Amino acid sequence: MNAGETQRAPWIVGVSGASGTPYAAAVLRALLEAGESVDLVVSRASRLTLLDETGISFRDAHWRDDLREWLSRGADGKPGSFDADVDGVRYWGAGDLAAGPSSGSYPAKGMLIVPASTACVAGVALGLSKDLLQRAASVTLKERRPLVVAVREAPLNGQTLRHLVALDDAGASVVPASPAFYAGATHIQDLVDFVAGRVLDAAGVGHGLYRRWKGELGGGSRPV
C-alpha cells in the first residue's frame with residue numbers, strides 16, 4: 001500500500017442456512033448504499049435456503065452475477081425491484097479457511113451474521129470454527145470487533161438461549177429477526193427493512209431503512 005492510500009476495511013457479512021435470505025439482501029444493499037466495503041461468506045446450507053426462497057443458485061464461479069440477481073429482488077421475490085451494484089463486494093468460499101477473514105490481522109470493521117441459524121449460533125458460541133463463517137465470527141470476537149447475530153428461529157429452546165447468552169457475554173449483539181409494526185409497514189419489504197435496519201443500528205452503520213420512533217402515538221399510521 002502506498003503512503004496516503006486508504007486501507008480497505010470491510011464489513012464481513014455471513015449468511016447462514018436459516019430462513020430469511022431477504023434480510024441478508026436488505027443488509028447488503030444498505031451497506032453498499034452507505035459506501036461500505038463488504039466481504040461476503042455464504043454457507044453451504046444457505047445456498048439451499050437461497051435456492052428454495054428465491055430460485056437462485058449461488059455459484060462460486062459466477063457469484064457476482066448471482067449476487068447481483070439476488071440483490072435486485074424485493075422481499076416478494078419480484079426481479080428488478082432494486083438496482084444492484086456489487087462492485088464493493090469481495091466473496092470468500094465457506095470452505096476457504098485460508099481466506100482473509102480467517103485471520104485477526106486481516107483488516108475488518110466487524111461482522112454481521114444475517115440470518116443466523118441455531119446451528120450457526122451454537123458453532124460460534126462454542127468456538128467450533130467448522131467453516132469460514134464460524135471462523136470469521138470467532139476472529140471478530142477475539143479481536144473485540146463488533147459482531148451482530150440476527151438469529152432467525154421460533155421457538156427458541158433452552159440450549160439455543162444459553163448459546164445466545166454466551167454470545168452476549170462475549171460481546172456480540174444479538175438481534176432477533178423480529179419485525180416491528182410501529183414504523184407503519186404497508187409491504188413485506190418494510191418488515192424486512194426494519195429488521196435489516198436494526199442489524200445496522202447495532203453495528204453503528206447509518207441508513208434510512210425504517211421510520212424511527214419519535215414518541216408520538218399513531219405515528220406509524222401517518223403517511224411518510
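**Close-ups of a predicted model**

**View 1. Glutamine 189, a residue of helix α7.** Glutamine 189 sits in helix α7; helices here are DSSP runs of H or I with at least four residues, strands are runs of E with at least two, and both are numbered from the N terminus. This is a predicted model, where local features need pLDDT of at least 70, side-chain atom pairs count only at pLDDT 80 or more, and totals for chains, interfaces and linings use all residues. Residues are numbered from 1 along each chain as its sequence is written, and side-chain values use heavy atoms, with hydrogens and water left out. Is glutamine 189 buried or exposed? With a relative accessible area of 9%, glutamine 189 is buried (buried means under 20%, exposed over 50%, partly exposed in between, with a 1.4 Å probe and protein chains only). Setting aside neighbours within four places in sequence, glutamine 189 touches Ala26, Arg29, Gly74, Ala75 and Phe82 (contact means heavy atoms within 4.5 Å).

**View 2. Helix α1 packing on helix α7.** Here α1 (residues 21-33) meets α7 (residues 188-203) at an angle of about 60°, and their axes are 9 Å apart. The axes are lines fitted to C-alpha atoms, for helices over the stretch in contact, and angles run from 0 to 180 degrees between N-to-C directions. The two helices, α1 and α7, are therefore oblique to each other (under 35 degrees is roughly parallel, over 145 roughly antiparallel, 65 to 115 roughly perpendicular, and the rest oblique). The crossing of α1 and α7 is right-handed, a term for the near helix being turned clockwise from the far one by less than a right angle, with anticlockwise being left-handed. On the α1 side, look for Pro22, Tyr23, Ala26, Val27, Arg29, Ala30 and Leu31; among their partners in α7 are Gln189, Leu191, Val192 and Asp193. The residues of this contact split into twelve nonpolar, one polar and two charged (Ala, Val, Leu, Ile, Met, Phe, Trp, Tyr, Cys and Pro are nonpolar, Asp, Glu, Lys and Arg charged, and the others, Gly among them, polar).

View 3. Tyr182, Phe194, Tyr210 and Trp213 make up one aromatic cluster. Rings of Phe, Tyr and Trp (its six-membered ring) pair if their centres lie within 6.5 Å; planes under 30 degrees apart are stacked, over 60 edge-to-face, and the rest tilted. The count by this rule is six aromatic pairs. In one of them, tyrosine 182 and phenylalanine 194 have ring centres 5.6 Å apart and planes at 90°, so the pair is edge-to-face. Tyrosine 182 belongs to the loop between β6 (173-174) and α7, while phenylalanine 194, twelve residues away, is in helix α7. Tyrosine 182 is partly exposed at 37% relative accessible area, whereas phenylalanine 194 is buried at 5%. Tyrosine 182 also pairs edge-to-face with tryptophan 213, with centres 6.0 Å apart and planes at 75°. Tryptophan 213 lies in the segment after α7, 31 residues from tyrosine 182, and is partly exposed at 48%.

**View 4. Helix α4 and its buried residues.** In α4 (residues 118-126), the buried residues are Cys120, Val121, Ala122, Gly123 and Val124. They pack against β4 (110-116), α5 (132-142), β5 (147-151) and α6 (158-169). Glycine 127 follows α4 and has a positive phi, near 70°.
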